[in-house]
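Welcome! Take a moment to look over the sequence and the 3D view, and then we will walk through them together.

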Amino acid sequence: MENLDRLAIHTMTTKPWDLPTACAKYAAAGVPGVGVWRQWLEGRPLAESKSILDDHGLKAVSTVRGGFFPYLNEAGRRDSHEDNIRALDEAAAIGAPQVVLVCGAKPDLCLSDNRKQITEGVAGLIDHASSVGVKLAIEPLHPMYADCRSAINTIGQCNEMIDQLGEEWVGIAADVYHIWWDPQLEREIKRAGRRLIGFHICDWVTPTNDFLNDRGLMGEGCIDIHGIRQLVEATGFDGPIEVEIFSDRHWAFDQDQYLEKIINAYRKHV
Ligand code: ZN
């Protein structure tokens, strides 16, 4: 039976709970890690959010999310850069070792321009990442989002980008939801090696009724989560395993019972 030492839950997974509630519930359930979505940091000083985590003995494993690099004009480029600098500062303030990057895409731009702007955008953050000691974790997104959420869709593309950018401050967050279908997955995870710094889990349900908010709990769908975990861990990855589920269906459910289900599903299917 899998113990909970490596389990982390993204605050978005239990969306109805604010940060103090989520922290209290996770800690009481024996969950040691939290993926902190930035919306959960709004409305209070960062030091106070850090205290809430600390008081419950919780560790922020990631801040979610930065990215959204592509732009249509100079103001757009600057806004994106400044927001990503803030994301890095927020992560540093709450002790999170990485910011997850959802790289973005503009449907008005061609894919190659989107990807060029993304590479330049990430490159422009490396100095700041280094100065605050927070890594940039590029999360490739399922290609159904290539129009407006991310033009980076495979671990292979992340590897290409990191070949250019260097791997000291830039890594990869592998989310099973986005990568499970990829025929090159095994090869590219091996190639990524130590670049893999994040591992996110959930499941793909059939039919998927909503492209964004109909993810499954582990075991509800068709993803070989255990198999992907083995590939990821063969690289030497031994970091947190982050449960990240957006689900209108599960958010409508009693969240205390849902947390129990998450922990049971983690023990059984991961
Ligand atoms: Zn993810």
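## Serine 150 in its loop

Let us begin with serine 150, which sits in the loop that runs between β5 (135-138) and α6 (155-165). Helices (H or I, at least four residues) and strands (E, at least two) are DSSP runs, numbered from the N terminus. This is a predicted model, in which local features need pLDDT of at least 70 and side-chain atom pairs count only at pLDDT 80 or more, while totals for chains, interfaces and linings use all residues. Residues are numbered from 1 along each chain as its sequence is written, and side-chain values use heavy atoms, with hydrogens and water left out.

Is serine 150 buried or exposed? Its relative accessibility is 0%, so serine 150 counts as buried. (Buried means under 20% relative accessible area, exposed over 50%, partly exposed in between, with a 1.4 Å probe and protein chains only.) Not counting residues up to four places away in sequence, serine 150 touches Cys103, Gly104, Ala105, Leu141 and Tyr145; contact means heavy atoms within 4.5 Å. A polar atom of the serine 150 side chain also lies 3.0 Å from the backbone nitrogen of isoleucine 152.

## Valine 64 in a strand

Next, find valine 64 in strand β3 (residues 59-67). With 1% relative accessibility, valine 64 counts as buried. Beyond its neighbours within four places in sequence, valine 64 is in contact with His10, Val36, Trp37, Arg38, Gln39, Val100 and Glu244.

How far apart in space are valine 64 and leucine 101? They are 37 residues apart in sequence, and their C-alpha atoms are 7.4 Å apart.

## Helix α9 and its partners

Helix α9 covers residues 225-233, and its buried residues are Ile225, Gly227, Ile228, Arg229 and Val232. These buried residues pack against several elements, including α7 (176-179), α8 (185-192), β7 (196-201) and α11 (255-269).

## The whole chain

Of the 270 residues, 55% count as buried. Among contacts with a separation of 6 or more, 80% come from residues 24 or more positions apart.

Note on methods: Polar contact = N/O pair within 3.5 Å; in protein donor to acceptor, adjacent residues only side chain to side chain.
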